[in-house]
Amino acid sequence: MKKSKLNLFIFQTVLIILFLSNFVFCIKTQAQIATITDNFTVNSSLVISDATTEANNPTLNVNISVTPDVGASAASGSANFRLRTNQAMWTLTATKGAFSAGTTGIAQSDITLALATSAGSTANASAGTRAFVSNTLNNITTTTLVSGTAKTSSSRDSTNTNNYFQVNSTYSINQDFFFTPGSATVPITYTFTSP
Amino acid sequence: MKKHSLILSALLVVAVCSFTNIQKADAAVANLTITVMNGLTITDTSNTTNPQNVAIAITPDVGAAAQTGNANFYIRSNYPTWSLTALRSALSDPSSTGLALTDIGYAVTLGTHGTNANASAGAVAGSFASTTLNTLTTSAQAIVTGSAKTSSARDSANTQNFFKVNNAFTVNQDFFFSPGVVTVSVTYALTAI
């Protein structure tokens with residue numbers, strides 16, 4: 001009798017173990033594991049745009065009209081750009097193209113290029129340092145204007161509207177009677193690169 | 001099992017952000033065009049454009065020299081050919097003094113030009129180097145003709161690139177003239193040809 005009870009107990013225990021193991025197995029088989037691997041790749045980017053229209057890689061026409069007069073201040077025109085980069089090191093250079101004086105008598109030494117910088121509200125105003133302040137065009141061939149030592153953003157700006165580092169280049173010339181009527185032209189190419 | 005868990009955890013927790021260094025360059029172009037316009041100015045010798053009043057007082061006397069008044073101008077032009085013209089009004093009430101236009105000497109001379117001016121830029125026209133006021137008419141006529149711009153060198157402030165034209169009006173202190181006042185206006189215009 002005792003033996004039969006023992007056997008019954010063993011049998012019941014085995015059944016319980018089997019039941020529980022099956023339960024656990026069922027739980028295991030009902031659980032699914034999903035793995036998502038997110039790869040966010042941030043590429044290097046440098047963008048130069050027109051400070052007025054934000055058009056990328058702009059070609060700006062700077063037209064200066066000189067009407068000689070006594071007491072007239074120098075005439076000037078500007079080409080203003082906005083730089084955006086996530087590169088830690090960058091450079092803005094200017095390269096002067098062919099100068100044509102036409103009939104004006106204007107020399108490259110009569111034209112002054114002056115540089116100023118500013119920054120948007122989410123930009124790092126210290127991202128770049130002016131390597132060039134002011135000079136006449138005869139002293140410019142390929143010249144570094146701004147040396148960048150940090151990305152241009154200082155904080156998040158989801159639409160990239162205020163994270164610009166702005167470079168204003170102003171060309172000026174005296175309204176001298178020495179210059180005869182006509183037109184003088186010269187293209188200046190601004191190149192924004194990361195080393 | 002542990003290794004598998006670690007890998008899973010790493011994949012679940014870590015979002016991999018890879019920063020790729022791709023060299024890139026962007027460029028912009030500023031096409032600078034400077035257009036020099038025609039500039040012509042005529043001012044007094046103080047570089048102002050106010051009209052000048054020439055007042056000549058005659059007190060007839062024996063041996064008295066003729067009385068002269070001057071209207072001197074600075075001319076600046078970057079145009080290669082230009083003309084300084086003059087026209088006069090009628091003499092006001094000439095009967096009161098007896099003065100006629102032929103009694104008023106008129107001489108156009110070139111003065112001392114600025115140090116950055118071209119002294120050969122213009123020449124006195126016709127007989128205006130020495131004539132009488134009746135030679136001027138009520139229609140504009142050239143008193144100086146310009147054949148070059150007035151500047152010879154750069155002058156950023158335009159202070160020393162003036163071409164000077166002097167106009168002298170002279171009247172003898174003749175007892176023939178009765179006391180009174182007569183006036184005449186002479187208008188000068190600097191134009192490009």
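Asn160(A) is partly exposed in this predicted model. Its relative accessible area is 43%. Asn160(A) sits in the loop between strand E9 (142-148) and E10 of chain A. Its backbone carries a positive phi of about 55°, although the residue is not a glycine.

Asn57(A) can be described in the same terms. Asn57(A) is not a glycine, yet its phi is positive, at about 45°. The loop between E2 and E3 of chain A holds this residue. With 39% relative accessibility, Asn57(A) counts as partly exposed.

The interface between the two chains was examined next. On the side of chain A, 64 residues are in contact with chain B. Chain B contributes 45 residues to this contact. The size of an interface is often given as the accessible area lost when the parts come together. Here the area buried between chain A and chain B is about 4600 Å². Carbon and sulfur atoms give 53% of that area. Three residues stand out on chain A: Val70(A), Phe177(A) and Phe178(A). Together they supply 16% of the area that chain A buries against chain B, more than any other three residues.

Between chain A and chain B, 25 residue pairs are in polar contact, with both residues at pLDDT 80 or more. The largest share comes from E11(A), with 12 residues. By class, the side of chain A that touches chain B has 33 nonpolar, 27 polar and four charged residues.

One salt bridge is found across the interface of chain A and chain B. Asp110(A) forms a salt bridge with Arg154(B). The closest N and O atoms of this pair are 2.5 Å apart. The pair counts as a salt bridge because the cut-off is 4 Å.

Strand pairing also links the chains. E3(A) is joined to strand E2 (residues 25-36) of chain B by eight bridges. The two strands run parallel. Within this pairing, Leu60(A) has Ala30(B) in E2(B) as its bridge partner.

Definitions and conventions: Residues numbered from 1 in each chain as written. Chains lettered and ligands numbered in written order. Predicted model: local features only at pLDDT ≥ 70, side-chain atom pairs only at ≥ 80, totals over all residues. Heavy atoms only, no water. Contact = heavy atoms within 4.5 Å. Buried area = accessible area lost by both parts, 1.4 Å probe. Salt bridge = Lys/Arg side-chain N within 4 Å of Asp/Glu carboxyl O. Polar contact = N/O pair within 3.5 Å; in protein donor to acceptor, adjacent residues only side chain to side chain. Helix = DSSP H or I, 4+ residues; strand = E, 2+ residues; numbered from the N terminus. Nonpolar A, V, L, I, M, F, W, Y, C, P; charged D, E, K, R; others polar. Pairing = 2+ DSSP bridges. Buried < 20%, exposed > 50% of the residue type's maximum accessible area, 1.4 Å probe, protein only.
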